[in-house]
Amino acid sequence: MASMKTSPGLVNFFIYNSTFGPKEGMEKEKIVMYIPTGEDLDKKIKNIGLCEALVKFTQTFSPNKPCNSLHTQKMRQVFFEAEPEFWMIMTISIPFSEKMAKDGKMVIEYHDEDVLDSVLDAVLKQAYKMFKLFNGTFGYILKTYHLEALRKRTEHFYASYLQTFNFSQFDILDAFTGINFLPLDKNTFLRIQSFVNVIEHTFSQIKYTAFLYSEKLVWSGLEQEDMRTLYKYLVSSLFPSTINLESMENPRSQGYVVVQPKLHQGRFITGPSDLGDVPVPSTPPKMFVNTDSEQEELILVVYKALEATICLMISEPYPSLELYKRIDTFIGPQLTTLANIVGEQSAKKQLATDQQYRYLYFNHMNLAQKSSVHSRKSSLPCVAPEIMRLMGDISTDFASFQEDGETYVKTMSDCWIVGRKSDQREMFVILNQKNANLIEIDEEVRRLGITQFNNIFFLD
């Protein structure tokens with residue numbers, strides 16, 4: 001009888017730079033950040049030294065793309081050179097279970113297939129991008145301040161950020177890290193775009209704007225990669241915390257305010273906790289964009305009315321109370337009206353949506369993703385973990401060759417999984433039709449393409 005299988009977990013997470021301790025006896029200087037912080041210093045130095053040696057060894061064979069991951073029986077380690085000489089390493093434990101052998105002894109069986117390199121690699125890179133969004137690059141902090149400041153900032157950030165990780169729930173969507181877009185008719189979209197243009201013209205302090213409805217992106221003025229990271233922060237951190245605060249009896253706690261609905265339904269999610277003459281102090285977060293060039297430092301003010309959210313990225317210094325009042329007065333009524341218009345249009349489309357299929361779609365060019373595999377409420381997959389891993393394996397195979405193609409897989413439970421890649425687009429379909437043959441499955445996938453992706457070209 002086999003015991004319950006364990007879940008993968010974080011063993012350690014660290015950042016090092018070999019140039020900080022080039023001589024013998026200076027090894028501890030290489031450590032920029034190491035979690036768990038309480039681990040023995042000798043063990044930290046040993047783990048970093050092993051990774052450093054592995055990177056240098058693999059550079060001999062591939063100077064431009066050295067070690068990406070290390071597989072052992074009990075652990076998986078992923079490597080990422082975030083910036084020149086700054087290496088980020090994440091170590092994950094492999095899940096295992098115990099089972100009875102023929103001789104009556106209990107043996108441990110490790111489930112290496114439960115951990116996908118592509119997913120871990122994306123999670124590690126996302127960890128760097130999230131730090132960079134709110135703190136700037138490692139090089140910028142080092143140049144502007146000093147090494148000790150970099151160490152404190154990385155430790156402070158990752159000590160809390162890593163607590164949000166649940167490796168048993170990471171899947172192919174974490175590898176894609178895409179954006180859910182909300183398609184609208186031409187007139188509504190142009191109305192929103194015009195609204196954004198008027199806001200930026202009226203408030204010269206606003207450099208960039210993003211408009212979302214029900215956690216789906218409608219418009220963004222940010223560069224694509226910056227919006228990708230900001231979107232991840234909004235839907236995985238800020239919006240869920242907002243929902244939790246709404247359900248509390250005292251919505252004014254923790255810098256959150258609900259404006260009494262007089263002329264509009266608008267309220268600040270980040271910003272002042274009160275729009276009175278003596279506001280309770282609440283500092284909106286800083287963010288850094290265009291870090292590859294000019295390194296713009298902005299203030300993120302998020303304003304919401306009903307299901308519509310507008311993100312205002314304001315140039316420093318921090319906005320005054322008077323500016324917040326002007327934003328509330330100007331944006332609140334119009335955003336409330338737009339929220340009602342978009343909500344009515346979105347409700348009609350949901351009624352027409354066919355939920356017969358389970359599918360997942362991602363476009364590598366514009367980062368658009370669409371999924372009926374994940375629950376809308378929890379963002380967790382509503383299919384078996386084995387199927388999610390299988391889709392991840394198929395996607396990894398697609399990445400290994402440049403040509404377009406398709407893959408059909410039938411599982412032991414007679415479930416069909418179809419993966420298609422065409423012009424940097426990937427689509428996966430899950431069909432529970434036990435008695436169907438390959439021709440019938442292909443026809444079902446074609447039908448899905450017509451109903452859900454009629455404007456998207458896929459190979460026939």
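Trainee: Are Phe20 and Phe86 buried or exposed?

Mentor: This is a predicted model. A residue counts as buried when its relative accessible area is under 20%. Phe20 and Phe86 are both classed as buried.

Trainee: Which kind of aromatic pair do Phe20 and Phe86 form?

Mentor: The structure holds 26 aromatic pairs. In the pair of Phe20 and Phe86, the rings lie 5.8 Å centre to centre, with 75 degrees between the planes. Planes over 60 degrees apart give the class, so the pair of Phe20 and Phe86 is edge-to-face.

Trainee: How many residues apart are Phe20 and Phe86?

Mentor: Phe20 is in the loop between strand 1 and strand 2, whereas Phe86 is in strand 5. The pair links distant parts of the chain, and the separation is 66 residues.

Trainee: Why is the pair of Phe80 and Tyr128 said to tie together parts of the sequence?

Mentor: Phe80 and Tyr128 are both buried. Phe80 belongs to strand 4 and Tyr128 to helix 2, so the parts tied together are apart in sequence by 48 residues.

Trainee: Which element gives the most to the lining of the second largest pocket?

Mentor: The second largest pocket holds about 1100 Å³ of space, and 37 residues line it. Strand 4, helix 2, helix 5 and helix 9 each give two or more residues to this lining. With 7 residues, the element that gives the most is helix 2.

Key:
Residues numbered from 1 in each chain as written. Predicted model: local features only at pLDDT ≥ 70, side-chain atom pairs only at ≥ 80, totals over all residues. Heavy atoms only, no water. 1 Å grid on protein atoms, 1.4 Å probe; cavity = no way out; pocket = protein on both sides within 12 Å on 5 of 7 lines; lining within 4 Å. Points joined across faces, edges and corners; volume = space filled by probe spheres on them. Helix = DSSP H or I, 4+ residues; strand = E, 2+ residues; numbered from the N terminus. Phe/Tyr/Trp six-rings, centres within 6.5 Å; stacked < 30°, edge-to-face > 60°. Buried < 20%, exposed > 50% of the residue type's maximum accessible area, 1.4 Å probe, protein only.
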